[in-house]
Amino acid sequence: MLSAASEVLNFSRRQVSHAVQTIRRPMRTVGLYLKIRRDVLPGLTRLANAEGDRLEFRLGRAHLLLLSAPADVHEVLVSQNRAFHKPAGPISFRRVLGDGLLTSEEEAWKRSRRLIQPAFHSEALLPLGAKMVEMTLRHMDAWQGGVEYDIVDEMTSLTFAVATEALFGFQDPVLSAEVRDSISTGMRYVSRRMYKVVRLPVWIPNRGTRAARRLTRAIGQIMAERERRGGSSSDLLSLITRAGEAAGDGFTAEELQDQALTLLLAGHETTASALGWIWHLLAHHPEVRARLEDEIETKLGRTLPSPESLRALPYLDAVVQEALRLYPPVWGLTRQAVEPFLLGSRTFAAGTRVGILPWIIHRKGAFFAEPDVFNPDRWLDGSAAELPRHAYIPFGAGPRTCVGRSFALMEMRLIIATVTQRYRMQAVPGHTVVAEPLVTLRARHGVRVVLEPRAFVAGPSDGGESIRPEIPSPLRAGCPFHEGSERGPS
Ligand code: HEM
């Protein structure tokens, strides 16, 4: 299989761009749209497989291009990126996120990126590693072996707590609950609206706008509380503020609040989605899970994971990469042309909407042997080095690539290693998991698992005894992050 993989993967970038077929069928019917809408991911995959890497739709005056060739990804996200803006989306995210990094354009975006990016460099993030592990341990304190959980819900509350703590340096249980609740109401509203053919204008008050107002108010209160506490020197907002002061161009209080909300929103949903899929895959691939457990036991022994020790866990890294390939949380990226652009020999007009589909690109047999198979080894056998550029884009590409990539990769690996030292996820028989392309890639009925406590097998230096890992006692004390919030099994 592996030699077949390297043969298939042995494309040069030039060959790949030649392999792209342009489909020119300007009149796509509403019927086709409705058909895909019922069954989005399989529908789009079938369409791309049957008709090619550029699908062109016209719906009324709207002109939509769906792209799934790495060479086209390069054109849109990298070489002609200035010709595109992010579209407002199914609800105007900009109304909620202001001029935050995710939604701003041109000079405002450049300034935001310049001031925010240094806080997300790998070295700057190292001190957060211990907090991520600590919060995972605290979260697990409420878990019970043998009980069934929706692990996506569990991961969402954990990554929300991590993001809040990392950004603000503290947790306020009441305000955090208000923020989480308004985010989940808002996300549900946006997700439903995404697939509606007829949409009411966003300025008409609705559940989404009410949730957005609650969210803005709660974030404002958290910012005021942070100000009152004097901030902490190591939280991300402090690092961002210091970068602004050093550049003589810091964010105003209002701008900083928009950025905080942006980072909180962008920084926990995606990571929770990825972790949910990882646990789902591990529960259904006991042979992969056994190798992962073995690596963690052999390399970490009794020690808790840390950003430094992650370097000794290449199989864990491969598991994460492979899960992000099969289930990219950002399953589609969207752009709108603000000036004409060129793909191959064809010029497309300003106003064209473009969708780039990692879901389809990541599952192409031309790039990945047995593309639907969960095979972390493909990231360890050297074949990944042969991938065409942009055949793997879970974090996007070009100047607007994910600013939180290192944060997310560190967080996911620390959470998986910490949980794996204590629990094994068993799939719940009869529970079917279906991928649903909402704002992020979600599992339609969640990912239900039963937690099996693990007898920790010590590494060679521990003499091979069967023991439970030692957790520093202060971490077992009452949980300040979940004060007053009881999280029982679902
Ligand atoms: C597994 C987790 C994550 C995935 C898969 C992911 C994926 C992505 C992708 C694909 C983009 C590009 C979107 C586009 O070009 O339209 C993006 C942008 C972004 N991400 Fe992430 N992300 C993750 C975690 C995070 C985290 C932890 C943070 C922050 C704490 C974050 C903050 C952002 C921001 C602010 C942007 C906009 C960057 C810009 O436009 O300059 N993300 N992310």
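Q: By class, how many nonpolar residues does the shell around the ligand have?
A: The model is predicted. Of the 23 residues around the ligand, those that come nearest are Gly267, Thr270, Gly396, Cys402 and Gly404. Sorted by class, the shell has three charged and six polar residues, and the nonpolar residues number 14.

Q: Which element gives the most to the shell around the ligand?
A: Two or more shell residues come from each of the elements α17 (405-420) and α13 (253-284). With seven residues, the element that gives the most is α13.

Q: Are helices α10 and α11 roughly parallel or roughly antiparallel?
A: The axes of α10 (residues 173-194) and α11 (residues 207-229) come within 8 Å and cross at roughly 155°. Angles over 145 degrees count as roughly antiparallel. The relation of α10 to α11 is therefore roughly antiparallel.

Q: What is the handedness of the crossing in which α10 passes α11, left-handed or right-handed?
A: The contact includes Leu175, Ser182 and Tyr189 of α10 and Arg207, Ala211 and Ile222 of α11. By class, this contact has eleven nonpolar, five polar and three charged residues. The crossing of α10 past α11 is left-handed.

Q: Is Val428 buried, exposed or partly exposed?
A: Val428 lies in the loop between β9 (423-427) and β10 (435-437). Burial requires 20 or more other C-beta atoms within 10 Å, and exposure 12 or fewer. Val428 has 16, so this residue is partly exposed.

Q: How far apart in space are Val428 and Arg448, C-alpha to C-alpha?
A: Leaving aside neighbours within four places in sequence, Val428 is in contact with Glu148, Arg448, Val449 and Val450. Val428 and Arg448 are 20 residues apart in sequence, and their C-alpha to C-alpha separation is 6.1 Å.

Conventions:
Residues numbered from 1 in each chain as written. Predicted model: local features only at pLDDT ≥ 70, side-chain atom pairs only at ≥ 80, totals over all residues. Near = placed C-beta within 6 Å. Helix = DSSP H or I, 4+ residues; strand = E, 2+ residues; numbered from the N terminus. Nonpolar A, V, L, I, M, F, W, Y, C, P; charged D, E, K, R; others polar. Axes fitted to C-alpha atoms, helices over the stretch in contact; angles between N-to-C directions. Parallel < 35°, antiparallel > 145°, perpendicular 65-115°, else oblique. Left-handed = near helix turned anticlockwise from the far one by under 90°. Contact = placed C-beta atoms within 7 Å.
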